[in-house]
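Me: I would like to go through this structure slowly and ask, for each label, what value stands behind the label. Please set each value against its definition before you conclude.

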Amino acid sequence: MTEVEYPPAAPLDLVVSIINFRTAQMTIDCVQSVLDDIGDLRAHVVIVENGSGDGSDVVLADWLTAARAEKPDIAVSLVVSAENTGFSGGHNQGIGAMKARFYFVLNSDAVVHKGCLAALLADAEAHPETGLFAARLEYDDGTRQISCFRFPTPGSEMIRGAQSGPVTRLLKRYDIPLDMPPAQDQIEWASFAAIMLRGDMIDAIGVMDEGYFLYFEDTEYCLRARRAGWGTRYVESARAIHFRGGSAPVKSLAKARKRLPAYYYASRTRLMYQSHGRIGLLAANLAWYLGTGVTYVRLLLTRKVNTLPVEREMRDIWTNFMHPLGDRRAPK
């Protein structure tokens, strides 16, 4: 790991960790929104350039040099990683860079509204038993995004396979997305696109699991926190615009019904195993097959089906089944 003009560690209220992967201009916009919101907070932004290999390190270093020329005490540092360490690995570098009471994990494809950071910190001070504080995520038109969820289970995998209203209603208590805004006691995990973590919780349960390259690491972390007694809250007054999908192809591939990357399935397998054990992982796969069977029966009877499995998913859901904590299948 190479550090660019890195300041000494200092006790802070908040460290903001932002990963860049081939989104240099979006990252700069994201950082600027945070700087505009810091105000009098004792806070610092750490940008982790996560092995983009596209010149992003130079773009970000040049921007930071120019920003420091204008404002020498700008609260931003740049860490340049020699390789793409994934979501967990990147944010672990950001979190580990400086000591703070709280850490704000923020996607590069997001910008915060004024008052977001103060609202999160105020809620954290009011709820010392809680470890994670999720901001309200919005589309750029202000529409609220679904960002709070239940944990995946075999029941939710049947829902995912069936893509059927009656099946979803029958298994409603297993449906992953929560109605927004959610009741606080229903939240099991929340999106890590914009979420604040309590430093004491990180000291107690550790940083994010780097066995995940991308996807489901936020779910696992909330599960680990919950098992250790740390809850997750949704802070409606802390608002951020999330443009979504800035550096990851999975959503666009899924929409086109194209084959998903191996790391997606490796992460899914790891989470199901860590959540429910090997029997639960097997049950989840079989439940998905059962749900998918419902989809094909509907197709046969009505010729009207909203969603079929993505390409080769019937085989790919068994990725890492024999070694669920093994190779995270990161792209080479």
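Me: Why is Glu125 called partly exposed?

Reply: Buried means under 20% relative accessible area, exposed means over 50%, and partly exposed covers what lies in between, with a 1.4 Å probe and protein chains only. Glu125 has 47% relative accessibility, so Glu125 counts as partly exposed. This is a predicted model, in which local features need pLDDT of at least 70 and side-chain atom pairs count only at pLDDT 80 or more, while totals for chains, interfaces and linings use all residues. Residues are numbered from 1 along each chain as its sequence is written, and side-chain values use heavy atoms, with hydrogens and water left out.

Me: What makes the contact between Arg101 and Glu125 a salt bridge?

Reply: The term asks for a side-chain nitrogen of Lys or Arg within 4 Å of a carboxyl oxygen of Asp or Glu. For the side chains of Arg101 and Glu125 the N to O distance is 2.5 Å, and they meet in a salt bridge. Arg101 lies in strand β5 (residues 100–106) and Glu125 in helix α4 (residues 116–126), so the pair ties together parts that are 24 residues apart in sequence. Here helices (H or I, at least four residues) and strands (E, at least two) are DSSP runs, numbered from the N terminus. Arg101, with a relative accessible area of 38%, is partly exposed.

Me: How do you know that Glu236 and Arg136 form a salt bridge, and which parts of the chain does the pair link?

Reply: Their closest N and O atoms are 2.7 Å apart, which is how Glu236 comes to form a salt bridge with Arg136. The pair links distant parts of the chain, since Glu236 is in strand β11 (residues 231–242) and Arg136 in strand β7 (residues 130–138), 100 residues apart. Glu236 is partly exposed at a relative accessible area of 30%, whereas Arg136 counts as buried at 13% relative accessibility. Both residues belong to a network of salt bridges that also links Glu138, Arg144 and Arg239.

Me: Why are α8 and α10 called roughly parallel?

Reply: Axes are lines fitted to C-alpha atoms, for helices over the stretch in contact, and angles run from 0 to 180 degrees between N-to-C directions. Angles under 35 degrees count as roughly parallel, over 145 as roughly antiparallel, 65 to 115 as roughly perpendicular and the rest as oblique. The axes of α8 (residues 217–227) and α10 come within 10 Å and cross at roughly 20°, and therefore the two helices are roughly parallel to each other.

Me: What makes α5 roughly parallel to α10?

Reply: The axes of α5 (residues 154–162) and α10 cross at roughly 30° and come within 6 Å. That angle makes α5 roughly parallel to α10.

Me: What is noted about phi at Phe216, and is Phe216 buried or exposed?

Reply: Most residues other than glycine have a negative phi. Phe216 is not a glycine, yet its phi is positive, at about 75°. Phe216 is found in the loop between α7 (199–205) and α8, and with a relative accessible area of 17% Phe216 is buried.
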